[in-house]
Amino acid sequence: MSDKYTRLVSGGLGKDLAKRLGLPQPVVLRRHEPGRPLIDGPVLVQGSTGGADELAATLLDWNLDVRRHAIPKEKLGAIILVLDELAHPGDLEKPVLTAAASLRDLAPNARVITVSRTAGSATEPATAATRQGVDGLLRSLAKELRAGATGNGILLADGTRATSPAALGALRFFLSGRSAFVDGQFLTVSSGAGQLPDDVEKPLAGKVAVVTGAARGIGAAIARTLHRDGATLILVDIPAAGDHLAAVANEVHGTALQLDISRDDAGQRIIDHAAARHGRLDIMIHNAGITRDKLLANMDAGRWNAVIAVNIAAQLRINEALLASEHFRDSPRIVSVASTSGIAGNRGQTNYAASKAGVIGMVRATAALIGERGGSINAVAPGFIETEMTARIPFATREVARRLNSLQQGGQPRDVAEAIAFLASDAAGGISGEVLRVCGQNLVGA
Amino acid sequence: MSVNGQSVPRPQPATASAAAAPAAETTQHVDAVPAQLRKAVVVGGNRIPFARTGGAYTKSSNQDMLTAALDGLIARFGLQDERIGEVAAGAVLKHSRDFNLTREAVLGSALSAETPAYDLQQACATGLETVLGLANKIKLGQIDSAIAGGVDSASDAPIAVSEGLREVLLDLNRAKTVSRKLQVLSRLRPKDLAPDAPNTGEPRTGLSMGEHQALTTAQWKITREAQDELAFNSHRNLAAAYDAGFFDDLLTPYRGLSRDSNLRADTSPEKLATLKPVFGKNLGAEATMTAGNSTPLTDGASTVLLSSEEWADAHDLPKLAAVIDGEAAAVDFVHGKDGLLMAPAFAVPRLLARHNLTLADFDFFEIHEAFAGTVLSTLAAWEDEEFGRTRLGLDGAFGSIDRAKLNVNGSSLAAGHPFAATGGRIVASLAKMLHDKGQVNGRPARGLVSICAAGGQGVVAILEAL
């Protein structure tokens, strides 16, 4: 459900008034509904490389209405800007300015997606400069888009094709309503690993997934989304939250495991439960987290230690147990919830930001370890999400916080859940060690 | 055993003594019924924390609480939309509108709506009796899975109209004319308007349960110190069990409670010693029973998932313990032959004799703490040579138990005692303790459950580790 202001200015008098007064004009975002088309309207594939041709052919296979050249005044659902063979900054002009001519034809909730190569893998300074240039281009363009349209990019490591499974998986994710609140972000595809699902509506069919902190808020939304995508669920939360946990478990036909994840044996108990009930474990979602906010000058050991113990130490210990387990070996996936606080910092949250930045460090370092067994690990960093927690922020502060992003509204718990479900799927197998922000391109934290 | 010319099966004892059953009877079994009884196992349990009456569950009905306990069990074991063989539960304090309490709770839960259910009522033994009855059905092959349970609310207790008002209302309904209706109404007297609240008094003696136990406590010369010590151990053991996470997979929070509200983790024998006696003040002897060594009125609900071994395996669910056997007994407390709550003192010796077991063959004793005096009077009777000879027909005393094996994770004095919910609490906890213990001296760990009940009744049972 969108916030009241967004509903007010989404049509009729309210829309007119907001426009005249120069007020923010958020729109109700297009979100994924099972059975709905991937995207409404034609998709323009801009670019003349072999990669562009291959992508256009794939999109036709997906039964999308594909254009290789824009038809003036025709409303577009998406523009895919393929920039995978750039060598010099001068190479940007033609494809970019050609695409620019179509920007005014984008429909509400449209998508602009760049497909380019990682700058870090380039040895030529000019190539690296050009590739890095796409970063600034895309992030700025995303800020110029209006009416719920978003701009995101796929970065291919050298040697990775534009049609590799994870590149196509990321493309589907960005095109779809699943990425509604992801804006101005890049996903790096580092290998050809991964596999597209047999049934795009059930990408997690046959998978056994654990979600911590599943009793309410974002955790409950993750449980619902993973269930919708076909996963079998084990839901974990502290014993004191057991009644809410049971309600969510009964809703998504999962099992409730009341467990304090900061216990030393938490990892083993999760593995034992999964092994006994399902014989395996495929997906671990580290969502559980707490805040104990205080200015650092007023911080005490209790607040500091509680946050570190739950938000990062527990994840490290559980991952260690998982990576040593014989039940977590078949394309295992780990997705952790970080936070934009861990990227940009937040006043009063030194402990929380330290723990969430720690999650990002953990994800990057664990990628190699889990890669050895064909798995992946990633993090999602939510920005301002409409939850019980953010509902307690004083009105004025909350109102400012939720408008300070390119989409001019707060995200929904399900937006975070969608990003997690994608990264937990085999389609994202070639993406590992990444942090994906779900923040509507929040103005803080880059 | 013949109905319309077709022989019907007769249940066999579920134990080693089955071999001693007359051979002729086994030949009468129809082919569809296995000659060998199968095991009934405890898969696990779930209860809500118990709350002192007038506390967290004041506004919760029996149906609310039983449904919550069921939903927690369903979530723990993934039983959503599952058609369970049968669900049996009950309440001691029950509204007349709750005639189908258990079935209504099932319909309100996440179980398949095609799960049948029935209510059972045997005072405080209700919960344990649902376990035994359903376990027997599983052993016989009538059902593969079952949920036993119980619930009670002393907060949301039924209040009836007085007998006088009730008779007038019924006659009024039957009256056909206005003049006749007025005639009936004229019989009403102010005293008829006073409601008839439930109480825990015994209908045949007028004495409350506490006053009855006070007689027994005095008869067996149980000291105040011994009762307070038992109460202290109950609180200490229950608090330690919570701290160790023992209840993490036995309990689901409800209405803001995640621990039993009666638990006093910080109590001490000294604090208990300061409490004034509340029962047995007119007996002449020293009054020893206080609010500290007696259970308070409590609200709560519990459930136990039972099944055949095959069903548990097919559902990838744990098998904690087997329900071996049970026994009910009753005493003539009306004429003062025995104390109101002393029936288990007779039920246990009979049950153990059937299995050739002694008290030394058990690793856990779960003796329901209606009052500390109840537990101690029962143990005293078993240790008494005279009682053993004259009342149990033994050569001497029945025996004594190792106190270190008694109510090791706390019992009703600390947790509270929502009458019908106590059996489920004990069976689920004991099954987990037995499973954790595993084998003892080359045999499965063994536990004894003993629950006394109003009306001079008692039900006891044996569980063994799996």
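This is a predicted model: local features need pLDDT of at least 70, side-chain atom pairs count only at pLDDT 80 or more; totals for chains, interfaces and linings use all residues.
1. Let us start with chain A as a whole. Its secondary structure comes to 15 helices and 13 strands. The radius of gyration of chain A is 21 Å, close to the 22 Å that the globule rule gives for 446 residues, so chain A is as compact as a globular protein of that length. If you picture a box along the principal axes, the C-alpha atoms of chain A fill one of roughly 60 × 50 × 45 Å.

2. Next, look for a sheet in chain A with 6 strands. This sheet is open, its pairing is parallel, and the strands come in the order β2-β1-β3-β4-β5-β6. Which strands stand at the edges? They are β2 (66–67) and β6 (186–189) of chain A, and each pairs on one side only.

3. Strand β1 (residues 43–46) of chain A runs parallel to strand β3 (residues 76–82) of chain A, and 4 bridges link them. To see one such link, find L44(A): its bridge partner in β3(A) is I79(A).

4. Chain A has another open sheet, this one of 7 strands with parallel pairing, in the order β9-β8-β7-β10-β11-β12-β13. At its edges stand β9 (255–258) and β13 (435–438) of chain A; each has a single partner strand, so one side of each is left without a neighbour in the sheet. From one strand to the next, the twist averages 20°.

5. Strand β7 (residues 208–212) of chain A and strand β8 (residues 232–237) of chain A run parallel and are joined by 5 bridges. Look for V211(A), whose bridge partner in β8(A) is L235(A). Helix α7 (residues 217–228) of chain A packs on the sheet, where it touches β7, β8, β10 (283–286), β11 (333–337) and β12 (376–382) of chain A. The direction of this helix makes about 170° with that of β7(A).

6. How do two helices of chain B, α4 and α15, pack? Helix α4 (residues 126–140) and helix α15 (residues 422–437) of chain B have axes 5 Å apart, at an angle of about 55°. The two are therefore oblique to each other. On the α4(B) side the meeting residues are T126(B), G127(B), L128(B) and V131(B), and on the α15(B) side they are T422(B), G423(B), G424(B) and V427(B). By class, this contact has 3 nonpolar, 5 polar and no charged residues.

7. The axes of α7 (residues 209–219) and α12 (residues 372–382) of chain B come within 9 Å and cross at roughly 40°. These helices are therefore oblique to each other, and their crossing is left-handed. Q213(B), T216(B) and T217(B) of α7(B) make the contact with G373(B), T374(B) and S377(B) of α12(B). What classes do these residues fall into? There are 6 polar, no nonpolar and no charged.

8. Finally, turn to the place where the chains meet. The contact takes 17 residues from chain B and 16 residues from chain A. On the chain B side, the residues divide into 7 nonpolar, 5 polar and 5 charged.

9. The axes of α8 (residues 242–251) of chain A and α2 (residues 62–77) of chain B come within 8 Å and cross at roughly 65°, and the crossing is left-handed. From α8(A), the contact uses G242(A), L245(A), A246(A), A249(A) and N250(A); from α2(B), it uses D71(B), G72(B), I74(B) and A75(B). These residues divide into 5 nonpolar, 3 polar and 1 charged.

Notes. Residues are numbered from 1 along each chain as its sequence is written. Chains are lettered from A and ligands numbered from 1 in the order in which they are written. Two strands pair if DSSP finds at least two bridges between them. Two residues are in contact if their C-beta atoms, placed from the backbone, lie within 7 Å. Ala, Val, Leu, Ile, Met, Phe, Trp, Tyr, Cys and Pro count as nonpolar, Asp, Glu, Lys and Arg as charged, and the others, Gly among them, as polar. Axes are lines fitted to C-alpha atoms, for helices over the stretch in contact, and angles run from 0 to 180 degrees between N-to-C directions. Angles under 35 degrees count as roughly parallel, over 145 as roughly antiparallel, 65 to 115 as roughly perpendicular and the rest as oblique. A crossing is left-handed if the near helix is turned anticlockwise from the far one by less than a right angle, and right-handed if clockwise. The radius of gyration is taken over C-alpha atoms; the globule rule is 2.2 Å times the number of residues to the power 0.38.
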